Amino acid sequence: MYKFQFWLVLFFYKMLLMFPESSRFKFGDFLGSLSYRLIKKRRLIALTNLKMAFPEKDIHEVEKIAKESFKIMIKAFLCTLWFKDYLKDRVTVKNKDILDREYNKGKGVIAALMHMGNMEAAIKAAEGYEVVTVAKKQRNPYINDFITKSRKEGLNLTVFSKSKSTSKDLIRRLNNREIFALFSDHRDKGTIVDFFGMEAKAPTGAVSLALKFDIPLVWGYNYFNADNSSTTVIKSLDMIKTGNFKEDVLSNTQLLISEMEKVIREHPEQWMWFHDRWNLYSKFHKKKR
């Protein structure tokens, strides 16, 4: 069954690449609109999240943002199929000097990223560097190997599958002075932060590694432009360092999430709203049972 799924994906991949890039992205827009209509759970999560985050917006504005978010996430996924070509001249990087400056300190860099725009295109900022990241392992081993190999060849990216040993695996590589790219805006084990005026869980991995091992931390995001090119933005973070490790982790995680919230408010349609960020959908359905 897994092999059949893999060959089906491979066939789709070859077919898609027969069309010009503009047609591929139009297909992505179509799939995004279709997904919004058909995947009820994710649609409800997106609409609920948006209404909670932007209570001042009416339902028409909320629906418009949600639909566009679906389209963008689908296009970002499809784009990974021809990422090597896309990265050549379709991604503009702003503030790359920030990353270069921090890397030149000789300790490597921790990069906190967002599920936003053509999210993996943020790798363009690290062109010429070795990058390590963490991703959820695909159930289908053939598809998982295909994706991992594609990332390594096209992006110079080493991917660790998320597991109980992930932290230890990353720490073992710290002496390699690589760039550790960690998505930091999703719901995960870590700490409680204020996000859009509501309590939310946030991962502390990027901040913890930076503080514990004295490694420079930057953060960044990506957004699609009207012509389906994209822009990657790198930002610095003035870390709070009081000497109390636990408190500093909490303070800096909140600082990072607050900065990310500002970007989401500026480009709301670019963020991944169909993730159950505040665990609202899960809590609601538990109560119904």
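The charged end of Lys57 sits 5.2 Å from the centre of the Phe54 ring and over that ring; a charge counts as over a ring if NZ of Lys or CZ of Arg is within 6 Å of the ring centre and within 35 degrees of the ring normal. The model is predicted, with local features requiring pLDDT of at least 70, side-chain atom pairs counted only at pLDDT 80 or more, and totals for chains, interfaces and linings using all residues. Residues are numbered from 1 along each chain as its sequence is written, and side-chain values use heavy atoms, without hydrogens and water. Arg24 lies over the face of Trp82, 4.7 Å from the ring centre.

The whole structure contains 19 aromatic pairs (rings of Phe, Tyr and Trp, the last by its six-membered ring, with centres within 6.5 Å; stacked if the planes are under 30 degrees apart, edge-to-face if over 60, tilted for the rest). Phe27 and Phe30 form a stacked pair because their ring centres are 6.4 Å apart and their planes meet at 25°. Both residues belong to helix α2 (residues 21–38), where a spacing of 3 residues separates them by about one helical turn; helices are DSSP runs of H or I, at least four residues long, numbered from the N terminus. Phe27 is partly exposed, at 29% relative accessible area, and Phe30 is partly exposed at 46% (buried is under 20%, exposed over 50%, partly exposed in between, with a 1.4 Å probe and protein chains only).

Phe70 and Phe274 form a tilted pair, 5.0 Å centre to centre with 50° between the planes. Phe70 is in helix α4 (residues 59–79) and Phe274 in the loop between α10 (245–266) and α11 (280–288), 204 residues apart. Phe70 is buried, at 4% relative accessibility.

Methods
Helices (H or I, at least four residues) and strands (E, at least two) are DSSP runs, numbered from the N terminus.
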